[in-house]
Amino acid sequence: MPRSSCVVYATAIISVHLIIIGVALLVAGVFQNLINNRLKGEITLTEGSKVFGTWKNPPPPVFMEFFFYNVTNPEEFLAGAKPRVTHMGPYTYREYRPKINVTFVDNGTKVSALTPKSFVFVPEMSAGDPSTDSVTTVNIPAVAVMNKLKDVSFWSRTAISMFMSSIGTTMFMTHTVDELLWGFEDPLLSRLQKIKPEVDERFGLMLDKNGSADGEFVYFTGEQNYLEYGRVDTWKGQKLMSFWNTNQSNMINGTDGSAFHPFLTKEERLDVFTADLCRSIYMLFEKEVDVKGIPAYRYTPPRDVFASGKNNPENEGFCLDPEKCLDDGVLNVAVCRKGAPVIVSFPHFYLGDQKYVDAIEGLSPVHEQHQTFLDLNPTTGVPVRAAKRAQINILLDRVNGFPMTRSLNGTVFPIMFLNESVVIDDASAARLHKLLSITLIVAKFPFILIALGVILLVISVLLIIRSHQRKTTAKSETAYSPVSAKVDDPAEKNGTYVGLTPIEKS
């Protein structure tokens, strides 16, 4: 057999083996399991893992935008008219949130940490100067004091009301954005501090939050079970909170929103514990998105998260007074805000009851602008884009003994909303791209073997057919052909001869 024929048949045999091996690997899932196990081992909160360094000090920049509602008709509102507000903002701050005091506990299966947050103003991303821009809004210290005193005797409330009037306390106040955010000395609180030293004379929506942490978190490392990667075990030493009426409402579920396990699916529910809300929420898959060329799943909180107990029984425990339960889209967090009547919602009461929107002139919820979402790469669980949007409101209701509240009827009044957002930086995106490419190649390796085997087999078959055709042609050219009969030619038969003349007999 010629050498070329041996090569062709050997190639055919190899191609068949490649196809068989590829199919076997595909059916057994060897390479998929290999890459899955490798990722599960790397995506853990352990020293030396691929993600531990970025978990401790996240490289993507986080920005916090503050938007304020400026009240343009406070006197008319107190006289019974619908309040009218205008937007001010954004006032944008770069947020730094490294983890400190990182300590492994429980034989390395968990890790504890504090996450102090610091904020630096970014003027080029802001709509104004927070040190000079003034906002007219609800006098939150006064409302908080009146709500604290609503259960004392009528005469005590009347005396306090007269005292508040004597120092010029009204239902609305005007301060700069800086003062409203980071704090100012309030006249009413200053006088109360002389009577009760534990009262802080300063007030600010972000008072003492610049450089402080929300408390110590203990997280599962995910080394023993990849599904527990980043899950919160305890917050401030508690596995279960005590703010709400039911154990279900007090549960600390999921992660803190900064880490999620790999191999996410569209069907699963992502639980997130939010210290700002003193509760856990959850998110569901909404759609597929693309961020800097990285595929991601978008998860968002459904309407049921802030639905009232009557529409979602899971939320019944968040209403502490059955006679004062709120409707869909809002959450009373006064229990974890030192008694201040703070109501949390999505911006512009997005996903809330329409009555809250209709009560305030100047509100218009928009899905794209006011939705909270997480864009997560499903293979690694890495957040590639996120936006946490929340609104702070104050419940304004009548308090007997305080004449300034006589026209109030339970309005949930918006004060400001925030947008805390992050997008993966280019360097991290490039590393993630590389990892996903390697993962894809390894996972598709059986298909590559099968494709290579099919290509080689086709080439081998074509070469065998061509070789066979060549042999057939060559044999035909060398075979004997029959010769046709010719007419006898005497000259050719006898050659050259001498003619003889016949002799007649006599």
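The model is predicted: local features need pLDDT of at least 70, side-chain atom pairs count only at pLDDT 80 or more, and totals for chains, interfaces and linings use all residues. Residues are numbered from 1 along each chain as its sequence is written, and side-chain values use heavy atoms, with hydrogens and water left out. The protein has 506 residues, and 44% of them count as buried. Its secondary structure comes to 14 helices and 19 strands.

**Terms for burial and secondary structure**

- Buried means under 20% relative accessible area, exposed means over 50%, and partly exposed lies in between (1.4 Å probe, protein chains only).
- Helices (H or I, at least four residues) and strands (E, at least two) are DSSP runs, numbered from the N terminus.

**Overall fold**

- Take the contacts (heavy atoms within 4.5 Å) between residues at least 6 apart in sequence: 66% of them join residues at least 24 apart.
- The protein exposes about 27,300 Å², and carbon and sulfur atoms supply 57% of that area.
- Accessible areas come from the Shrake-Rupley method with a 1.4 Å probe; for residues, only the protein chains shown count as cover.

**Nonpolar cores**

- A nonpolar core is a set of buried Ala, Val, Leu, Ile, Met, Phe, Trp, Tyr and Cys residues joined through side-chain atoms within 4.5 Å.
- The largest such core has 98 residues. Phe66, Phe68, Leu396 and Phe413 have the most contacts inside it.
- Beyond its neighbours within four places in sequence, Phe66 touches Met88, Gly89, Pro90, Tyr91, Tyr93, Leu181, Met206, Met416, Phe417 and Leu418.
- Another core, of nine residues, lies apart from the largest one. Val289, Ile294, Ala296 and Ala429 are among its members.

**Helices α5 and α8**

- Helix α5 is mostly covered, with eight of its nine residues buried. They are Ile140, Pro141, Ala142, Val143, Ala144, Val145, Met146 and Asn147.
- Helix α8 (residues 187–195) buries Leu188, Leu189, Ser190 and Leu192.
- Those buried residues of α8 pack against α5 (140–148), α6 (154–166), β8 (184–185) and β9 (202–203).
- Asp186 caps the N-terminal end of α8, with a side-chain oxygen 3.1 Å from the backbone nitrogen of Leu188.

**Threonine 221**

- Thr221 sits in the loop between β10 (217–220) and β11 (232–235). It counts as buried because its relative accessibility is 1%.
- A polar atom of the Thr221 side chain lies 3.2 Å from the backbone nitrogen of Glu223.
- A polar contact is a pair of N or O atoms within 3.5 Å; within protein, one must be able to donate a hydrogen and the other to accept it, and residues adjacent in sequence count only if both atoms are side-chain atoms.

**Salt bridges**

- A salt bridge is a side-chain nitrogen of Lys or Arg within 4 Å of a carboxyl oxygen of Asp or Glu. A search of the whole structure finds 20.
- Lys266 and Glu288 pair at 2.5 Å, N to O. The pair links distant parts of the chain, 22 residues apart: Lys266 is in the loop between α9 (247–250) and β12 (270–274), and Glu288 is in strand β13 (residues 279–291).
- Lys266 is partly exposed at 34% relative accessibility, while Glu288 is exposed at 52%.
- Arg269 and Asp271 pair at 3.1 Å, N to O. Arg269 is partly exposed at 40%, and Asp271 is partly exposed at 24%.
- Arg298 and Asp375 form a salt bridge, with the closest N and O atoms 2.8 Å apart. This pair also links distant parts of the chain, joining strand β14 (residues 294–300) to strand β17 (residues 373–376), 77 residues apart.
- Arg298 is buried at 10% relative accessible area, and Asp375 is buried at 0%.

**Surface patch**

- Val454, Val458 and Leu462 make a nonpolar surface patch of about 250 Å².
- Patches are made of residues with over 30% relative accessible area and no salt bridge; like charges are joined within 9 Å, and nonpolar side chains (Val, Leu, Ile, Met, Phe, Trp, Tyr) within 5 Å.
- Val458 lies in helix α13 (residues 445–478). Val458 is partly exposed, at 43% relative accessible area.
- An α-helix has 3.6 residues a turn, so residues three or four places apart point the same way.
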